[in-house]
Amino acid sequence: MMRVACWTLALFLMAMAAEAVPCVADDVPAATLLLPYFEVDLDDPESVTTLLSINNSSAAPVLVHLTLWTDLSVPTIDFDLYLSGYDVQSLNLRDVFAGVLPQTGPADELSPLGAFSDPHAVPESCSGGFPIGNVPPSLVRLLEEAHTGQPVARFGGLCAGTAQGDRLARGYLTADVVRECSTDFPDTPGYFENVAGFDNVLWGDFFLIDSRQGFAHGETLVHVEANPGQYLPGDYTFYGSSVAFTAADQREPLASVMAMRFLNGGPFDGGTDLLCWRDPKTAGTPFDCGNLPAPLPLGQGQVVIFDESSNPALVPESRISPSDEPETPAICPFCAQRREVDFTDFASGWLYLDLNHSLAFGEPVGGVGQAWVTPLVSAEDRYTVGFDALSLVHACDGLPTAAPGD
């Protein structure tokens, strides 16, 4: 019996090390994880927060570099985690916004070794240790100001996110396999040449939780695989805007056209929200408050809404070229947002959502824009179901040749 159990475990662990397939959106171990959208109520500890876990699918220890970005793609804080073989690290983003970072490291009392884990090992660059305890109060203030769209003192009074009249911190998070400990953001020159790794070993999940409203939703993180040698300078990659489209990151881009169900009636009286992540294709930098930096707000391609009898309704294109005024607001105009499906009278059906930036070819990689969408469907103020949208067109494929009805 013991021999059978060991063989079964060995086969399981081998299955976790899946081979990377370029330009396919799939939940397999990856070199980068994306939390496409988060919310944290900064005033009410019983209100909404976001939890996530990062898992190591390999026996060898791994370094992970986490970066928080505002909802307009400005990086604000980064730190390293150490995961022993087959380790898991859970994280409540409320703690990060309070200035408390997770305590990890190559010691059994911090990151224990399991029976199947390789020995602890870290590069010399990690001799300074891993995040422990509180971060400086000035950085806590930066996080609060930047992620709520207020003027940021450390940015000279410039803004870094959207101001929506509340105290919800919004944004997204990335987690990269790295070879060295570093304080560099992914858009720092040399990050992918000198710091980042390319081993597809990470997997994870996230939860949006609101204890006061009795709300909870869980979903997998977006798994972004590295495919070293697959991409050439000028190709569209996940971190393309951070590396000036040199393909230095060698990470696959995400989808650009997606399909998803929505339910806005009957027992699903809570309706449907979309958690959207979009690539601005420019490096995010602080900006004058009250004036969004170009190319924001982001345009979109064709949006078609179908009811359950196949009847279509068209949402006009919001932008034909970067210089045009939008005819209607984009469905998801920011880099990370939560958007209610309130733009249709249909009680239920599905959305064809083309989130390419435009039909113009004057911008990098010809107007193609990668994105990710997770619909949340709510019922009776008690139940919530979430699921990833279906990828119809991948950003590797360029602009779609036709939308439904064309």
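This tour begins with confidence and then visits salt bridges one by one.

Before you select anything, note that this is a predicted model, in which local features need pLDDT of at least 70, side-chain atom pairs count only at pLDDT 80 or more, and totals for chains, interfaces and linings use all residues. Residues are numbered from 1 along each chain as its sequence is written, and side-chain values use heavy atoms, with hydrogens and water left out.

**Stop 1: confidence**

Colour the chain by pLDDT, the predictor's confidence in each residue, from 0 to 100. The chain's mean is 87, and 87% of its residues reach 70 or more. Now select residues 1-12, where the pLDDT is below 50. Beyond near neighbours in sequence, this stretch has 1 contact in the model (contact means heavy atoms within 4.5 Å). Residues 317-327 also have pLDDT below 50, and that stretch has 28 contacts beyond near neighbours in sequence.

**Stop 2**

Side chains of opposite charge can pair when their charged atoms come close. A salt bridge here is a side-chain nitrogen of Lys or Arg within 4 Å of a carboxyl oxygen of Asp or Glu, and a search of the whole structure finds 7 of them.

Select R338 and E39: their salt bridge has its closest N and O atoms 3.5 Å apart. Because R338 sits in strand β16 (residues 336-340) and E39 in strand β1 (residues 32-41), the pair ties together parts that are 299 residues apart in sequence. Strands (E, at least two residues) and helices (H or I, at least four) are DSSP runs, numbered from the N terminus.

Are these two residues buried or exposed? R338 is partly exposed, at 30% relative accessible area, while E39 is buried, at 7%. Buried means under 20% relative accessible area, exposed over 50%, and partly exposed in between (1.4 Å probe, protein chains only).

**Stop 3: D43 and R167**

Next, select D43 and R167, whose side chains meet in a salt bridge (3.2 Å, N to O). D43 lies in the loop between β1 and β2 (48-56), and R167 in the loop between α3 (137-147) and β8 (168-178), so this pair joins parts 124 residues apart in sequence. D43 is exposed, at 52%, and R167 is partly exposed, at 34%.

**Stop 4: E308 and R261**

Finish with the salt bridge between E308 and R261 (3.0 Å, N to O). E308 is in the loop between β14 (303-307) and β15 (312-315), and R261 is in strand β12 (residues 255-263), so parts 47 residues apart in sequence are tied together.
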